[in-house]
Amino acid sequence: MEYLDLAKVENEKVNVLIKDKLKESNELVLKNVNSMHNICAGLSGDCRVTIEDSTGLYTGSFLEGPTLRIKGNVGWYAGDDMMSGELIVEKNTGCNIGAYINGGTIVIYGNTGSRVGYGMKGGNIIVCGSAGRWAGVMAMGGDLIILGALGKECGESMYSGKIFTRDPEAESKMGGNVFYDTITAAETEKLDHLFSQYEIAAAGKDFHVIRPVLSGRHEYALFKPDLKPELAKKYFVKRG
């Protein structure tokens, strides 16, 4: 395991140093991050990074493979466009977490702000606390699991995907184009597996599901994009 103290490192040099350190060891601990922005943005590969304090905006955006754990709080847009891997936040987050996530799992052990899972296309987002308004707005896939209270307009204009909730007032907090439904046996099994994996004290049977209405004022013909992130890497320009 390697350690990297960022107390005196300029923000634009941080991710280059992180990638260099991960060539020496696939486990890295970051100290004195002090709410820097863009930490571990674009990080890929089989590695584990632990951040001992809090981070700023866009933490772990475009993550592809690593396990990233933050022991403090996290700012807006963490996990933005995440492809695979794990993003684990031990405390609270700002808004727009997991926007446009394609795969992988985000776990927030505290509360999150508004628009969690905005436009998400796949993957899992688990919020152990409460979520602000517009959770799952315009979601196109994936599973958003919220253990605590929901904010207003939850699931507004969802195209696809699911929002799992045990908020007793969930029906009164839903947005348009969604409906409140019972959970299936297969969905219960999936939730129980995730709760066991991430040591979350909850049971899938206690949840209901907010699903999109696929007819009415919204009728969409969805397509599944053929994502090939490995091809995009040839355009990567190394800086620093």
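Predicted model: local features only at pLDDT ≥ 70, side-chain atom pairs only at ≥ 80, totals over all residues.
A disulfide is a covalent bond between the sulfur atoms of two cysteines. The structure holds 0 disulfides, and the distance between C95 and C154 shows why: the sulfur of C95 is 15 Å from the closest cysteine sulfur, which belongs to C154, and this is too far for a bond. To count as a disulfide, the two sulfur atoms would have to lie within 2.5 Å.

Are these cysteines buried or exposed? C95 counts as buried, because its relative accessibility is 14%, and C154 is buried as well, with a relative accessible area of 1%; the cut-off for a buried residue is under 20%.

Which residues of α1 are buried? They are V14, N15, I18 and L22, and because they cover an arc of only 85 degrees around the axis, they lie on the same side of α1. Among the elements that cover these buried residues are the strands β1 (2-5), β2 (27-31) and β3 (48-51).

## Aromatic pairs

A search of the whole structure finds 4 aromatic pairs. In one of them, the ring centres of Y58 and Y77 are 4.9 Å apart and the ring planes stand at 10 degrees, so the pair is stacked. This pair links distant parts of the chain, since Y58 is in the loop between β3 and β4 (64-70) while Y77 is in the loop between β4 and β5 (84-89), 19 residues apart. Y58 counts as partly exposed at 30% relative accessibility, and Y77 counts as partly exposed at 25%.

The rings of F195 and F207 have their centres 5.7 Å apart and their planes at 35 degrees, so this pair is tilted. Because F195 lies in helix α2 (residues 185-197) and F207 in the loop between α2 and β11 (208-212), the pair ties together parts that are 12 residues apart in sequence. F195 counts as buried at 2% relative accessibility, and F207 is buried with a relative accessible area of 1%.

## A cluster and a charge over a ring

Y58 and Y77 also belong, together with W76, to one aromatic cluster. Elsewhere, the ring of W134 has the charged end of R133 sitting over it, 4.4 Å from the ring centre.

Definitions and conventions. Residues numbered from 1 in each chain as written. Heavy atoms only, no water. Buried < 20%, exposed > 50% of the residue type's maximum accessible area, 1.4 Å probe, protein only. Helix = DSSP H or I, 4+ residues; strand = E, 2+ residues; numbered from the N terminus. Arc of directions from axis to C-beta. Contact = heavy atoms within 4.5 Å. Phe/Tyr/Trp six-rings, centres within 6.5 Å; stacked < 30°, edge-to-face > 60°. Lys NZ or Arg CZ within 6 Å of the ring centre and 35° of its normal.
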